[in-house]
Amino acid sequence: MSYNVNSKGYYGDFGGAYIPEMLYPNVEELRQNYLKVMTEPSFINAFNALLKDYVGRPSPLYFAKRLSEKYNTKIYLKREDLNHTGAHKINNTIGQILMAQRLGKKRIIAETGAGQHGVATATVCALMGLECIVYMGAVDIERQAPNVARMKMLGATVIPANSGSKTLKDATNEAIRDWINNPVNTYYIIGSVVGPHPYPDMVARFQAVVSEEMQWQLQEKEGRKDPDYVIACVGGGSNAAGAFYHYLDTPKVKLIAAEAAGLGVHSGESAATSILGKEGIIHGSKTLLMQTPDGQITEPYSISAGLDYPGVGPMHANLYKTKRAEFIAITDDQAMEAGLELSMLEGIIPAIESSHALAVFKQKTFKTDDVIVLSLSGRGDKDLDTYSKHFKL
Amino acid sequence: MNRIQTKLKEDKKLLSIYFSAGYPSVNDTVEIIQELESNGVDMIEIGLPFSDPLADGPTIQESSTQALKNGMTSELLFQQLQSIRASVSIPLIIMGYFNPILQYGVEAFCKACQEVGIDGLIIPDLPVDVYDENYKHLFKKYGIINVFLITPQTSQERIRYIDSISEGFIYMVSSASVTGSSSGFQTEQTDYFKRVANMELQAPQIVGFGISNQETFKQATQHTKGAIIGSAFIKHLSANGIKNIDTFVNTILH
Ligand SMILES: Cc1ncc(COP(=O)(O)O)c(C=O)c1O
């Protein structure tokens, strides 16, 4: 059994393309072309060249000595925070902007939660001289103000989503509506491994560079390409998908996904989708999502805008259901403490999303000789305000 | 024969009206249906509210959100419709997104539809091929007609495929847009209506999205069997409540 997508766009029971007919031509165009385009040598060369010279890849695999001593195990940090624009999101937007160009699209739309994907999209649109419209929940516009300013400076139009919880789910709805309204000239750059097939697979493939590098970097440092554990936070699941990708079908590498539990898994203010979710359809994908018994999608909560999503990508729904990955719920407070701890021990201020992954070390004990790679998905600059308020700095 | 099929045989242009169940007030559903029928509407689409209606513009989003706040659920809708067939004989269709139907259970949902006398379903985010492969047998078992959408971007080949599995009408989305966004039809749209009419499909076409008054109703039905009005009627409801439904329908038909 493979944990990768099958030819029909499903991961086990999850995935597919549950889209209104209005989106069918767009999604079908992408489905028919994405693998062909992604395997063209000219595409691969352009993608790799930009990742190297523009994004700054490979990102370092850093042995976190003091953090390792503290938890009495061996911890490596995969430094996606050092990428241009400060998170793993740019790996995907570089890939998708090249895809949009190959498909001849002139107008780019995106949704964003924390603003990292919005910034990464605005950045590649500036780079390629394409029009860029980013939908962002009104609540997120407020709590991620620096990223809104960055998007504007990069020439993007930021449109607030005022429906529902005014966060990532609603921004995604608005982006999809825009795409319905503009079916011919517009390309939708989705920011995570969510949405209708082929998006989850395409985004996972663009992010797969993360685990590809991990393999040879670990070989250099440890003389083996396989760690014992890979840990990543999961919002939609793209940084986790990238960090897990080349280990999915290597069972001895254990996978850990950190989910946002907000004020507590059962507090009613949470985004712990695997535990609270039930099978259903969100944003064109069959997956696990938080919903009422009547099938209405519920409004999630997390201090981290990037994890504040009521669903999870279909790959991860399958990893959860098959128990291939262990899902650990991390509260706001636990994440914030872990973020402060990394700052003090290693001089690295992580994004609050990544802090959820770091908080796993307090929830689970590892062996002294375990080799662990943690996806440090982003840097904390955008979150300074939230950290300052939380710790009264 | 299903009521939808009988209605489609009538020699006239059909007016279908959409509204969100449970809006403006939770118990308005039945009265709105009765009023629409008694004023000469041919068919009704009862919107099953959903938290995240992807294909809908602001008007239907808001009515849907309000209906949910009012406490509307699938269960409650079926209760309200329990004895609808004692007073109403025109075709009734439920239009809803797939997730609430999936949670209710697709078979249970079809069965409940049959029990109360619902004739058809429109589920915008249930793709034709998924229906064809996984759910068609259930719809058939309970005599429920599934209605599919086409848009100006739908290829000829796909329209033929959709026609081949359509037992009622084809829902022609007038332009590339969510509901409630356009005003008036351009030659682009009339060309599309004509193009599809010339395909001589077995299933009649009914146009939806962007029909708001007598003029657009006439334009839309020139080359098709009928038209569906949604957002414009919901705006009427939000301004007038359930009063004066007769005036609204009359301005379209006369
Ligand atoms: C730094 C960072 N990490 C993680 C995420 C969560 O997204 P995903 O689960 O797709 O990696 C985000 C989303 O905005 C982010 O900005």
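UniProt positions are given in the numbering used here, feature names are shortened, and annotations may be inferred rather than shown by experiment. The model is predicted, so local features need pLDDT of at least 70 and side-chain atom pairs pLDDT 80 or more, while totals for chains, interfaces and linings use all residues. Residues are numbered from 1 along each chain as its sequence is written, and chains are lettered from A in the order in which they are written.

In chain A, an unreviewed UniProt entry annotates residues 56-378 as "domain: Tryptophan synthase beta chain-like PALP". This span is 41% helix and 21% strand, and its end C-alpha atoms lie 14 Å apart. Helices (H or I, at least four residues) and strands (E, at least two) are DSSP runs, numbered from the N terminus.

The whole structure holds 7 cavities of 30 Å³ or more. A cavity is a set of points on a 1 Å grid over the protein atoms alone where a 1.4 Å probe fits but cannot get out, and lining residues have an atom within 4 Å of a point. Volume is the space filled by probe spheres set on the points, which are joined across faces, edges and corners. The largest cavity has a volume of about 340 Å³. Among its 30 lining residues, A:His88, A:Lys89, A:Gly191, A:Gly236 and A:Gly306 are the closest to its centre. Strand S5 (107-112) and helices H5 (116-128), H8 (168-181) and H11 (238-244) of chain A each give two or more residues to this lining.

In chain B, helix H7 (residues 128-141) and helix H8 (residues 156-165) pack at an angle of about 35 degrees, with axes 11 Å apart. Axes are lines fitted to C-alpha atoms over the stretch in contact, and angles run from 0 to 180 degrees between N-to-C directions. B:Tyr131 of H7(B) and B:Tyr161 of H8(B) are among the residues that make the contact (heavy atoms within 4.5 Å).

Key:
Heavy atoms only, no water. 1 Å grid on protein atoms, 1.4 Å probe; cavity = no way out; pocket = protein on both sides within 12 Å on 5 of 7 lines; lining within 4 Å.
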